[in-house]
Amino acid sequence: MNKPDQLGQDIRALRKSRSMTIETMAQSLGRSLGWVSQIERGLSTPTVDDLRAISGLFGVPLSLFFGTSDAPESELGHVVRAKARREIGSRETGLIETLISPDLTDDFEVVHSTFLPQSEISAPITRPTTEVAYLISGKLDVWIDGQAFTIATGDSFRIRGSAYRWVNPYDAPAIAVWVISPPVY
């Protein structure tokens, strides 16, 4: 599990990105305002069941709250080593995502996405975000508001609160870097 102060900062960032008050969060979780405050300030550590409830409340994978960094203290919050990235999202659709950002405390997050060959998400996703993706390698078919695009290495695209879906019908993985504002993971 992340260090209590980092975990608390991430939980606070998720709450704020959803314009949720600390009172609403406490009420939704059946917890006291003081409990949520202590978690967010890193003074208390939630149990795995608490984290499961928090992940459900925010619609993020439980794995977001796990992931350790063996980085020296001087690097924390500044540097994310490739092998220390937190895996986020679900692999069920053939999408492997890791958090490139050091944490969720900025107005944006940066995500490394690998779309496995022959994978897809068939149901459109709509999020209250602005997202820009840059394809590092491979090809990816994307639909934004129903309009189809084939994205190739070096191409980028933007989604502004629009419904989108993707498919990688190709034989090679498609690898992209996404910038998402506000953070959703």
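Biologist: Hi! Which residues do ring pairs link into a cluster?
Modeller: Phe 157, Tyr 164 and Trp 178 are joined that way. Bear in mind that this is a predicted model.

Biologist: How are the rings of Tyr 164 and Trp 178 arranged?
Modeller: Their centres are 6.2 Å apart and their planes sit at 40°, so the pair counts as tilted. Tyr 164 belongs to strand 9 and Trp 178 to strand 10, so the pair ties together parts that are 14 residues apart in sequence.

Biologist: And is Tyr 164 buried or exposed?
Modeller: Tyr 164 is buried, with a relative accessible area of 5%. Trp 178 is buried too, at 7%.

Biologist: How many aromatic pairs are there in the whole structure?
Modeller: A search finds three. One of them is Phe 115 with Trp 166: the ring centres are 4.7 Å apart and the planes are at 75°, so this pair is edge-to-face. Phe 115 is in strand 3 and Trp 166 in strand 9, 51 residues apart.

Biologist: Switching to helices, which residues of helix 4 are buried?
Modeller: Asp 50, Leu 51, Ile 54, Ser 55 and Phe 58.

Biologist: What's on the face of helix 4 turned away from the buried side?
Modeller: That face carries the exposed residues Asp 49 and Gly 56.

Biologist: Last one: what sits over the ring of Trp 143?
Modeller: The charged end of Arg 165, 3.9 Å from the ring centre.

Methods
Residues are numbered from 1 along each chain as its sequence is written. This is a predicted model: local features need pLDDT of at least 70, side-chain atom pairs count only at pLDDT 80 or more; totals for chains, interfaces and linings use all residues. Side-chain values use heavy atoms; hydrogens and water are left out. Buried means under 20% relative accessible area, exposed over 50%, partly exposed in between (1.4 Å probe, protein chains only). Helices (H or I, at least four residues) and strands (E, at least two) are DSSP runs, numbered from the N terminus. Rings of Phe, Tyr and Trp (its six-membered ring) pair if their centres lie within 6.5 Å; planes under 30 degrees apart count as stacked, over 60 as edge-to-face and the rest as tilted. A charge sits over a ring if NZ of Lys or CZ of Arg is within 6 Å of the ring centre and within 35 degrees of the ring normal.
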